[in-house]
Amino acid sequence: MSLAEEILKLKKERKAVILAHNYQRGEVQDIADYCGDSFGLSQKAVEVDAEVIVFCGVDFMAESAAILNPDKIVLNPKPEAGCPMSAMITPLQLQLFKKEHPDAAVVCYVNSSAAVKAESDVCCTSSNSIKIVNALEQDEVLHVPDYNLAMYTQRFTKKKIYPWNGFCPTHHQITAGDILISKMDHPGAEVIVHPECRQEVIDLADGVYSTDGMLKYAKTTTKDLVIGTEVGIIHRLKKENPGKNFYPVSNYVVCPNMKMNTLETIRDSLRDMKTEIRIPETIRTGAKKALDRMLEIGR
Ligand code: 13P
Ligand code: SF4
């Protein structure tokens, strides 16, 4: 039996679904029941009718699924796959930041720990940060942990945003020079980038989208696209748009953590029912409030 057949058999026996982020390896995306961005995956995690969710992404994504679904078993095949950005703010640092700005609302990017979410008023993703910030009553907002997403959001709101200084090491590597070179290499193509990119990169782009936003945009444009985000998304872009060309802004835009899952890790996870994600109940209820509020506003 092939690995893929083993996974399909185990999936049926366990009444499981496989959710995968758009940056996962191509073979992992292909075996998944649903691929998406952070927001789409959170929505799916709530909707799916399954006893077990196998979450292929990085730690905060599987954690969010577990926070939202206390009655389902959430398995993370590779729990050591973390997001360095989410480790750039601790709950204690956020508590101190809140003391400095007592009147501000706290918007926390889902790329954060459950304990940081529990200290926040509402979560956001790259697809709904602007909508979430503008929906809040407060005129001041602490936006953590991604500096670039906070500053991109600031462009579309009159509210005063206080950013944290976290960043995504993968997106931070993309420079304005990379964009200028891509434009010269592919003169007829449009450049689209992720809001985790540096501000000078965003300034040079034709469009700024979450990963699902990029997939949607690719279907509407007749142009070829230069892609300023993690290269894993190009698998789906090519699959869904066979007539178009997609060029990574650079081949080094790789998130090593997103590449840790393989068909083997998924098979082992379903076979051995590991590793189940459990969040302490006191943290889970606080974090769920912030995620539920995002799901309500951010649709
Ligand atoms: P998306 O929500 O746009 O898929 O982004 C997730 C992420 O980790 C980007 O680095
Ligand atoms: Fe975290 Fe960046 Fe990897 Fe996304 S691409 S999971 S933000 S390190």
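## The nonpolar core

Seven residues, Ile18, Leu19, Ile53, Val54, Phe55, Ala65 and Val107, touch the most other members of the largest nonpolar core, which has 88 residues. Helix H4, spanning residues 59-68, gives the most to this core, with seven residues. Such a core is a set of buried Ala, Val, Leu, Ile, Met, Phe, Trp, Tyr and Cys residues joined through C-beta atoms within 7 Å. In soluble globular proteins, nonpolar side chains tend to be buried together.

This is a predicted model: local features need pLDDT of at least 70, side-chain atom pairs count only at pLDDT 80 or more, and totals for chains, interfaces and linings use all residues. Residues are numbered from 1 along each chain as its sequence is written, while chains are lettered from A and ligands numbered from 1 in the order in which they are written.

## A look at Leu19

Leaving out residues up to four places away in sequence, Leu19 touches Ala32, Asp33, Tyr34, Leu41, Lys44, Ala45, Ile53, Phe55 and Cys56. Here, contact means C-beta atoms, placed from the backbone, within 7 Å.

Tyr109 sits in strand E5 (residues 105-109); helices (H or I, at least four residues) and strands (E, at least two) are DSSP runs, numbered from the N terminus. Tyr109 is buried because 31 other C-beta atoms lie within 10 Å. Val110 lies in the loop between E5 and helix H6 (114-118), and is buried too, with 23 other C-beta atoms within 10 Å. The cut-offs are 20 or more such atoms for buried, 12 or fewer for exposed, and partly exposed in between.

Technical notes: Two residues are in contact if their C-beta atoms, placed from the backbone, lie within 7 Å.
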